[in-house]
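This report covers a sheet and the aromatic side chains. Please have the sequence and the model open.

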Amino acid sequence: MDRQNGTEIDFETFPWKIENFSKQDTKNLRSRAFRIRGYKWRILLYPLRNDVEHFSLYLTVAGSLPPYGWSRNTYFKLALINQVDGNRSIVKEAQQRFNGGYRSWGSFFMNLKDFCDSEQGYLVNDTCIIEAHICVSDNNGSILSDQETESSDGSSRYSQMEEEVEGSDLTLRDLLVFESLGREAAAFLPLLEEACTWHPSLLLSQRKNSSLFKLWAFTSLGQVLHVLKTRKVKDMNEDECNHLQGLWEELVRASGFKLDWLEPHVQSALGVKVRMERTVAVNELKDRVVALEIKMERLRGELAAAEDEFEVARRELVEARTGYMEIDLNAELGYAMF
């Protein structure tokens, strides 16, 4: 029993013991789905790759959220247990409202090098222990008991959610035979696994489809993700935009995926060409303005020099006219008669 702002918080705990850690697929390691206060949760250890130097944990809502906009205030702790000295266990605590737009929370725990050092006490005999301590409140902040998750007629208020999370333990490997994938499809697997981790509905939507359709759907999604992940702004010429547009339209039309989360990224990429064209036009106008400014500065210099030269010539003319009698050059010379 803990206290939060003077209120007693009754956490429920889920322990996750990971044995043979070095043999696990740590690029996408997650606990089984577990239920606390009528909701399903999952702990993610993600990512853990050669290019990552830290150990991080995430708490996420398991499965798809109900369409009517489920949300819940949650007090929770994630703990990395020190098996040698419990006082050195690392605990990260947070209060978060989970909903359709915010379904995960994660934090850095320690350097990966220190975690892998068995003498530190976090990975002992190739085993680590992680705990999630969770307390859910209603939208007014009141803590819910197990009894409060039942409606007055005894039926679960969250039966719809139960339907949504059914099959939430699915993984991409359950739907695709990785070993039979072609080189192109296999190259998309890291991107697809990451997408399915954060959007389990991708897996749920393909459960009942044929193997060939699943392969096409996920390969098509992988192609879109690959374009978004690997292309730079300068690469998005007309051909690339048309290619992405075609992939996206076919994916939306035929795959059966719910892709609201991906659409803004695709539209942003497709808009790059227009923005690039406008940027080119703006840059051309900038260059023109700079060139005209240089020309105007040169002409101002020439004008100033001409004005100085004019003033010198004017003064010389004034001096030359002093005591001067102008004659008619066309007059006859003549001669005197005596």
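## Sheet

Four strands form an open sheet in the order S3-S11-S8-S9, with antiparallel pairing. Strand S3 (12-18) and strand S9 (90-99) are at the edges with a single partner strand each, so one side of each has no neighbour in the sheet. On average, neighbouring strands are turned by 20° against each other, direction ignored. Strands are DSSP runs of E, at least two residues, and helices are runs of H or I, at least four residues, numbered from the N terminus. Two strands pair if DSSP finds at least two bridges between them. Axes are lines fitted to C-alpha atoms, and angles run from 0 to 180 degrees between N-to-C directions.

S3 runs antiparallel to strand S11 (residues 128-137), joined by 7 bridges. Lysine 17 has isoleucine 129 in S11 as its bridge partner.

## Basis of the model

The model is predicted: local features need pLDDT of at least 70, side-chain atom pairs need 80 or more, and totals for chains, interfaces and linings use all residues. Residues are numbered from 1 along each chain as its sequence is written, and side-chain values use heavy atoms, without hydrogens and water.

## Aromatic pairs

The whole structure holds 6 aromatic pairs. One of them joins phenylalanine 213 and tryptophan 216: tilted, 5.5 Å centre to centre, 50° between the planes. Rings of Phe, Tyr and Trp (its six-membered ring) pair if their centres lie within 6.5 Å; planes under 30 degrees apart count as stacked, over 60 as edge-to-face, the rest as tilted. Both residues lie in helix H7 (residues 211-230), 3 residues apart.

Phe21, Phe55 and Phe115 form one aromatic cluster.
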